[in-house]
Amino acid sequence: MTSRPHGIDGWGFPNQEYAPEPYVMEQAPRCALVVTPHPDDAEGGCGATMAKWIAESGTKVVILMCTNGNKGTGDRSFTPEGLAATREIEQQNAARVLGVSEVVFLRYGDGELEDTHKYRGEVVRQIRRHKPEVVFGIDPYRVTSHTHRDHRHSGQAALDAAFSYAWSWLDFPEQIAAEGLEPHQVGEALLWGSERPDTFISINEQHILMKAAALSQHASQISARTASQRLERMTEGCRLQGERCGVPFAEGFRRIQFNLGTDEWWLLNR
Ligand SMILES: [Zn+2]
């Protein structure tokens with residue numbers, strides 16, 4: 001008989017006691033796909049982890065940039081088209097700083113990302129192309145604060161594509177029949193921007209420098225701070241995450257595993 005995980009009530013839902021111990025993830029994956037709504041979100045969310053895994057473990061990292069960010073400015077001299085073009089170049093430059101293998105641009109309008117069959121299929125396609133063990137995204141669920149609509153939809157699409165569309169040969173079968181792709185089972189999702197991070201990647205000051213340097217490439221978004229102010233802010237943020245798990249610096253995520261035997265699987269299959 002399957003025993004009920006700690007903190008799971010009789011209806012199969014997490015209760016007030018559901019607070020897993022902070023988990024410091026040591027192992028880097030062979031490949032990670034970062035599903036992100038706007039240029040600069042991924043670097044802020046998991047930039048130091050990308051830097052660490054690419055430099056130290058040779059992880060192949062692919063960024064799926066879902067919108068073109070064409071409304072992200074208060075500068076009225078920009079046209080939406082000009083801003084989108086600028087931000088695409090900035091995103092390529094940021095990816096180059098970190099050593100990201102590829103940036104795939106879906107080019108949805110900023111604020112116009114909807115949870116559609118077509119969009120989910122585009123995320124599935126990249127999962128099937130690159131076969132990542134880990135998918136990064138923004139935590140779409142918040143209780144105490146609001147987040148951008150594109151953030152919610154991209155986080156939700158990342159989770160839904162990873163589980164269960166990508167591994168089912170009956171979902172988006174045209175990708176298998178016509179594009180030569182195969183179903184793929186993602187191992188886990190790591191969600192940044194979570195109110196309850198439970199999984200941490202220990203990083204050092206060099207990784208934080210690279211995170212800040214990557215963010216600095218998004219010049220259209222960051223005029224309010226100098227590079228050193230940005231580095232200071234990044235360092236403090238990573239120090240606070242490190243405090244949660246007992247290391248000097250970290251990036252924190254909410255982890256959802258898609259494998260048999262996890263709490264999540266138990267909840268889905270109770
Ligand atoms: Zn954003």
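The following legends describe close-up views of a predicted model.

**View 1. Helices α2 and α6 at their crossing.** Helix α2 comprises residues 80-98 and helix α6 comprises residues 205-216. Their axes come within 8 Å and cross at roughly 165°. Angles over 145 degrees count as roughly antiparallel, and α2 and α6 are therefore roughly antiparallel to each other. The crossing in which α2 passes α6 is right-handed.

**View 2. Residues in the contact of α2 with α6.** From α2, the residues shown are Ala94, Val97 and Leu98. These meet Met210, Ala213 and Ala214 of α6. Classified by residue type, this contact has six nonpolar residues, with no polar and no charged residues.

**View 3. Burial of strand β5.** Strand β5 spans residues 134-138 and is mostly covered, five of its five residues being buried. Val134, Phe136 and Ile138 point one way from the strand, whereas Val135 and Gly137 point the other way. Residues pointing either way from β5 are buried.

**View 4. Pairing of β5 with strand β2.** Strand β2, formed by residues 31-36, runs parallel to β5 and is joined to it by three bridges. Within this pairing, valine 34 stands opposite phenylalanine 136 of β5. Phenylalanine 136 is also one of the buried residues of β5.

**View 5. Pairing of β5 with strand β6.** Strand β6 consists of residues 188-192 and pairs with β5 in the parallel sense over five bridges. Alanine 189 in β6 is the bridge partner of valine 135. Valine 135, like Gly137, points the other way from β5 than Val134, Phe136 and Ile138.

Key. Residues are numbered from 1 along each chain as its sequence is written. This is a predicted model: local features need pLDDT of at least 70, side-chain atom pairs count only at pLDDT 80 or more; totals for chains, interfaces and linings use all residues. Axes are lines fitted to C-alpha atoms, for helices over the stretch in contact, and angles run from 0 to 180 degrees between N-to-C directions. Helices (H or I, at least four residues) and strands (E, at least two) are DSSP runs, numbered from the N terminus. Angles under 35 degrees count as roughly parallel, over 145 as roughly antiparallel, 65 to 115 as roughly perpendicular and the rest as oblique. A crossing is left-handed if the near helix is turned anticlockwise from the far one by less than a right angle, and right-handed if clockwise. Two residues are in contact if their C-beta atoms, placed from the backbone, lie within 7 Å. Ala, Val, Leu, Ile, Met, Phe, Trp, Tyr, Cys and Pro count as nonpolar, Asp, Glu, Lys and Arg as charged, and the others, Gly among them, as polar. A residue is buried if 20 or more other C-beta atoms lie within 10 Å of its own, exposed if 12 or fewer, and partly exposed in between; C-beta atoms are placed from the backbone. Two strands pair if DSSP finds at least two bridges between them.
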